[in-house]
Each structure stands twice: as structure tokens, then as C-alpha cells.
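Visitor: Hi, I have a model open and would like to talk it through. Could you bring it up on your side too?

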Amino acid sequence: MADLRLEELNATNIVAANTLSLKPGQEQFIAPITYAAEASVVNPATAWQRVALNDDRVVGFIHGNFDPENVHEEFRACIWRINVDAEAQGKGVGRFLAHALAEEAKRRGFDRITVLWESGEGGPGEFFHRIGFKDVGETQYGDIIGALELAG
């Protein structure tokens with residue numbers, strides 16, 4: 001998928017982003033418990049939402065958050081959600097999206113991004129480790145906190 005491009009989430013692509021398919025068993029990892037508990041405190045003004053397109057087809061979605069004043073360090077520059085269509089998984093789409101968010105974080109002056117995930121077989125932890133995230137802690141709900149240090 002060498003022809004990936006990034007586009008802001010908008011009225012034209014939101015339906016496709018919301019209907020990305022999953023592989024069997026992945027639905028249980030869509031939103032870690034911590035995110036579900038904290039969703040009510042997310043500020044829409046700090047959200048960064050983009051889709052990955054291959055030609056004109058939406059193949060992935062990322063929801064990031066940039067909130068340097070957030071009381072929870074893991075929510076200051078983070079991946080809130082990343083979804084890649086089942087047919088596009090394993091083809092670099094997730095890496096493309098995560099790196100796009102990392103570049104935006106660097107542009108905004110952050111030195112790392114974080115992501116939370118629920119551990120379990122078939123979960124996203126292996127993917128995040130593969131692209132450079134390291135486990136740095138655990139939330140009060142037992143979700144793993146992963147961090148990717150951003151080189152200057």
C-alpha cells in the first residue's frame with residue numbers, strides 16, 4: 001500500500017471510517033476500559049482525527065489527542081483509537097497512521113506519544129511493540145500504557 005495518504009475526518013469519509021471491518025475476535029479490543037471510563041472528559045477541541053486512504057478507499061482511521069494540560073500524562077499526546085480495515089491489516093496502514101500522529105506530536109512540541117491497550121491474545125499490544133512502543137505502566141483499570149519516544 002505504497003499510495004497511502006492522510007486526510008482529515010470529514011463528512012465525506014466518516015461513514016467509511018465508522019464501517020471499517022475487523023478480523024474475528026478484534027472487536028473486544030476496540031476500546032480499553034480506561035478509555036471508556038475517561039471518554040466523558042475528552043475535549044473535542046484537542047482531538048486529531050484522520051483517515052488513511054489507499055487511492056480513494058478509506059483503509060484506516062486514527063483518533064489522537066493533544067492536550068498538554070491533561071492531568072493524566074498518558075492522555076497529553078496519545079492515540080485514542082486506531083482502526084485498520086481487516087483486508088488492509090499487515091500492509092503498513094497502522095504504522096502509517098501511528099507515524100503520522102507521531103509527526104504531528106513532534107510538530108506540536110511533544111517528545112513522546114502514548115497509547116493504551118487491553119492485553120490479551122489477538123490484541124493490539126504486539127502491533128504497538130512492533131512499531132516501537134514500550135510498556136511504561138498500567139492504568140488503574142489494568143490497561144497497558146505504551147509510549148513511543150520521539151527523536152528530535
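Visitor: Which elements each supply at least two residues of the lining of the second largest pocket?
Guide: Those are α1 (14–18), β3 (57–66) and β4 (77–84). Keep in mind that this is a predicted model.

Visitor: Thanks. What volume does the second largest pocket have?
Guide: About 180 Å³.

Visitor: Let's zoom out. How many helices and strands are in the protein chain?
Guide: The chain has four helices and seven strands. Their order along the sequence is β-α-α-β-β-β-α-β-α-β-β.

Visitor: What share of the residues is buried?
Guide: Of the 152 residues in the chain, 46% are buried. As for the surface, the chain exposes about 8,200 Å², with carbon and sulfur atoms supplying 48% of that area.

Visitor: And what part of the contacts comes from residues 24 or more positions apart?
Guide: They account for 63%, counting the contacts with a separation of 6 or more.

Visitor: Now the inside. Which residues have the most contacts inside the largest nonpolar core?
Guide: Phe66, Ile79, Val93, Leu101, Ile113, Phe128 and Phe133 do, in a core of 27 residues. The elements giving two or more residues to this core are β2 (47–54), β3, β4, α3 (93–107), β5 (112–117) and β7 (144–149).

Visitor: Which element gives the most to this core?
Guide: That would be α3, with seven residues. There is also a second, separate core of six residues, which includes Ala17, Leu20, Val58 and Phe61.

Visitor: Is Leu148 buried or exposed?
Guide: Leu148 has a relative accessible area of 12%, so it is buried, given that buried means under 20%. Its contacts, apart from residues up to four places away in sequence, are with Ala102, Asp111, Arg112, Ile113, Ile131, Gly132 and Phe133.

Visitor: What separates the C-alpha atoms of Leu148 and Cys78?
Guide: They are separated by 9.7 Å, with the two residues 70 apart along the chain.

Visitor: Changing topic to loops. Where does Asp55 lie?
Guide: Asp55 lies in the loop between β2 and β3. Asp55 is not a glycine, yet it has a positive phi of about 60°.

Visitor: Why does Asp55 count as exposed?
Guide: Because its relative accessibility is 52%, and exposed means over 50%.

Visitor: Last one: where is Ala45 placed?
Guide: Ala45 is in the loop between α2 (33–38) and β2. At 68% relative accessibility, Ala45 counts as exposed. The C-alpha atoms of Ala45 and Asp67 are separated by 9.0 Å, and these residues are 22 apart along the chain.

Notes: Residues are numbered from 1 along each chain as its sequence is written. This is a predicted model: local features need pLDDT of at least 70, side-chain atom pairs count only at pLDDT 80 or more; totals for chains, interfaces and linings use all residues. Side-chain values use heavy atoms; hydrogens and water are left out. On a 1 Å grid over the protein atoms alone, a cavity is a set of points where a 1.4 Å probe fits but cannot get out, and a pocket is an open set with protein on both sides within 12 Å along at least five of seven lines; lining residues have an atom within 4 Å of a point. Grid points are joined across faces, edges and corners, and a volume is the space filled by probe spheres set on the points. Buried means under 20% relative accessible area, exposed over 50%, partly exposed in between (1.4 Å probe, protein chains only). Contact means heavy atoms within 4.5 Å. Accessible areas come from the Shrake-Rupley method with a 1.4 Å probe; for residues, only the protein chains shown count as cover. A nonpolar core is a set of buried Ala, Val, Leu, Ile, Met, Phe, Trp, Tyr and Cys residues joined through side-chain atoms within 4.5 Å.
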